[in-house]
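Colleague: Could you walk me through this model before I set anything up with it?

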Amino acid sequence: MTDDNPEITAVPAETGEVRAVGERQGMFGVKGSGDTSGYGGLVAPVVYPAQAQRPYGGWFDAVADGLDPLIDAVVIHRGEITFHISAANLVAAAKLLRDDPKLRFELCAGVSGVHYPADTGRELHAVYSFLSMTFNRRIRVEVSVPDADPHLPSLCGVYPAVDWHEREAFDMYGLIFDGHPALTRILMPDDWPGHPQRKDYPLGGIAVEYKGGSIPPPDQRRSYS
Amino acid sequence: MSTTEDFYAGSSETTDGKVFTVSGQDWDEIAAGLGEDGGDAQERVVVNMGPQHPSTHGVLRLILELEGETVTEARCGIGYLHTGIEKNMEYRSWVQGTTFCTRMDYLSPFFNEMTYVLGVERLLDIEDDIPEKAQVMRVLLMELNRISSHLVCIATGGMEIGALTVMTIGFRERELVLDLFELITGLRMNHAFIRPGGVAQDLPPGALDEIRGFVALMKKRLPEYAALCNANPIFKARLDGVGHLDLEGCLALGLTGPVLRSTGYPWDLRKTSPYSGYETYDFDVQTWDTSDSYGRFRVRLNEMHESLKIIEQAADRLAKMEGEPVMVADKKIAWPSQLAIGSDGMGNSLDHIRHIMGESMEALIHHFKLVTEGFRVPAGQAYVPIESPRGELGAHVVSDGGTRPFRAHFRDPSFNNLQAMGVMSEGSMIADVIVAIASIDPVMGGVDR
């Protein structure tokens, strides 16, 4: 019932939370059945924590000052700070994080790819975690690139530690880290087709039969999200 | 080329050169084979070690370029134990996630659960609501686990250099820890005991006595390791100066844990960003100043003593907490069902079944909804790293507001630290490669996830 009613899908975001990405439909995970309860018609936006405004508080401002012209957006959620940085500025930002005596982020803990199919134009995110041992601070840097052009620069030259992490993100998500010395698959076999942890890649599996009952594979079971 | 036609150990021609499959005592054939067909007998030899080699610490494949017995280049091939745990977690509820991630680094299951659970709790914003007793039990289990994990590291590391007594006594003591795990959680490995909101069960009766007995025994047994190894000339000859990596190298390659502490830098997340109340325990961060395999062995040995100190303190606290809750009070998050020991082993608590099936329909609905659908976690992302026996272990947990993890990525210390294998072993003897890897202590379940 929602597909033919565009008014319902345009749900405003909740107050204070403005970054809506995609939407959630229905309630009990039933699709295409004669749900007469009305709950099947529910549509709710998927809302992520919104951009923060200055002052960020504590040491967050000091780090933001150091990176200032390179930052696209800052998100503070549950006491963790995330700097959204464009792919073009990533290497400059990483060099600054490592070398600036006021920042001193000595360690890059790694890269984690995330695939947001509903985040149109920036579907693939690479999430870096940086740690400053000098100041005991931890920040997150998030770079988003479109699925159609999944290129971002490699940080191997600045933080050699991300070598394998970038290979893993390439293997699992198809993120292409330009300038990586050997961007090959790391966990999957070399000739594996596709990038398994993307949301459009099926989990796979077969039904399990037990005492006459048949339990479908996990990705075909009822999903409540 | 090999003279015998052995299906398993022959040789073949490829575009990259001649390939030999060696099975021992056939070096002469290889040397002769290399010189055949006008080839150069001094040609470099690339050796594939593993993934089924007993000395590579699991299904780790090493690709070594040799000149005589000296390693000129070393690379790792990993992925042989990749089981898609992260992907699978996206198809299960938030609570079921612990059942999956506990299987990653199989020598430190509680740490996998813990970092994931801390991330979920941060997203749920219930970090301050976790009952004190649950936090103390988590610390207790993690420190017991740290001991069992370090014991396996020292035991297998000893076995790989031929010190079989170290192996047998290491596994002897680890068995005692696993017995404690079985008593407390019902399982020796893969516990899924630490859950979002607390822990699955209260301590069983008599557990504290067993733990105190274990601590007393370990205080006698740990010095045996020191007496056996610390000044043992053969042991020292194999470990001293091997796998050297200084502080700059560790930071550039992202190494944490005992490898980092063996450079003399006291970085321990339990001290620098405490979780679960670690700031209230009295213990010291152990360091060594040699940056080599021997230093890492000593760091691990000393850390076990520190873990015993924490376990004693945790046991003292638990003794005063009898009957206190171990799960968050919010009934929309706390797992409704409880387990109990019945005549046929552990199963659902009959009291709970009686309650939901016979007394309260609301309780039944509540149980059904939480177990099948699960709770929703507010959208956002969290990364709460903890100090696992191998270094910084962190789960990057992303939620889209649904009942399942949108993404759970584990920054496993074994995965990261294994990158240093090349730096540690290039230029050294082939036998030292094994020692260097053992000093990193990679667990392939965690590397490949």
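Modeller: What follows goes through the model topic by topic. It is a predicted model, in which local features need pLDDT of at least 70 and side-chain atom pairs count only at pLDDT 80 or more, while totals for chains, interfaces and linings use all residues. Residues are numbered from 1 along each chain as its sequence is written, and chains are lettered from A and ligands numbered from 1 in the order in which they are written.

Colleague: Start with the pair of chains, then: how many residues of chain A are in contact with chain B?

Modeller: On the side of chain A there are 33 residues, in contact with 40 residues of chain B, where contact means that the C-beta atoms, placed from the backbone, lie within 7 Å.

Colleague: And which element gives the most to that side of chain A?

Modeller: That is β5(A), with six residues. The elements giving two or more residues are β2 (43-48), β5 (107-115), β6 (124-132) and α4 (162-173) of chain A, with helices (H or I, at least four residues) and strands (E, at least two) taken as DSSP runs numbered from the N terminus. By class, this side of chain A has 20 nonpolar, seven polar and six charged residues, counting Ala, Val, Leu, Ile, Met, Phe, Trp, Tyr, Cys and Pro as nonpolar, Asp, Glu, Lys and Arg as charged, and the others, Gly among them, as polar.

Colleague: What is the strand order in the five-stranded sheet of chain A?

Modeller: The order is β3-β4-β7-β6-β5 (chain A), an open sheet with mixed pairing, where two strands pair if DSSP finds at least two bridges between them. Its edge strands are β3 (71-77) and β5 of chain A, each pairing on one side only, and neighbouring strands are turned by 25° against each other on average, direction ignored. Helix α4(A) packs on this sheet, touching β5 and β6 of chain A, and its direction makes about 5° with that of β5(A); the axes are lines fitted to C-alpha atoms, for helices over the stretch in contact, and angles run from 0 to 180 degrees between N-to-C directions.

Colleague: How many bridges join β4 and β7 there?

Modeller: Three bridges join β4 (residues 80-85) to β7 (residues 137-145) of chain A, and these strands run parallel; in β7(A), Val141(A) is the bridge partner of Phe83(A).

Colleague: Over to chain B: which strands stand at the edges of its three-stranded sheet?

Modeller: The sheet is open and antiparallel, ordered β3-β4-β5 (chain B). Strands β3 (45-49) and β5 (70-77) of chain B are at the edges with a single partner strand each, so one side of each has no neighbour in the sheet. Strand β4 (residues 61-67) of chain B pairs with β5(B) over seven bridges, and Arg61(B) has Gly77(B) as its bridge partner in β5(B). Helix α17 (residues 430-440) of chain B lies across β4 and β5 of chain B, at about 150° to β4(B).

Colleague: And how is chain B divided into domains?

Modeller: Domain 1 covers 85-333 + 375-448 and domain 2 covers 334-368, with bounds from an automatic or database domain assignment. Their centres, taken over C-alpha atoms, are 32 Å apart, and ten residues of domain 1 of chain B are in contact with four residues of domain 2 of chain B.

Terms used:
Two residues are in contact if their C-beta atoms, placed from the backbone, lie within 7 Å.
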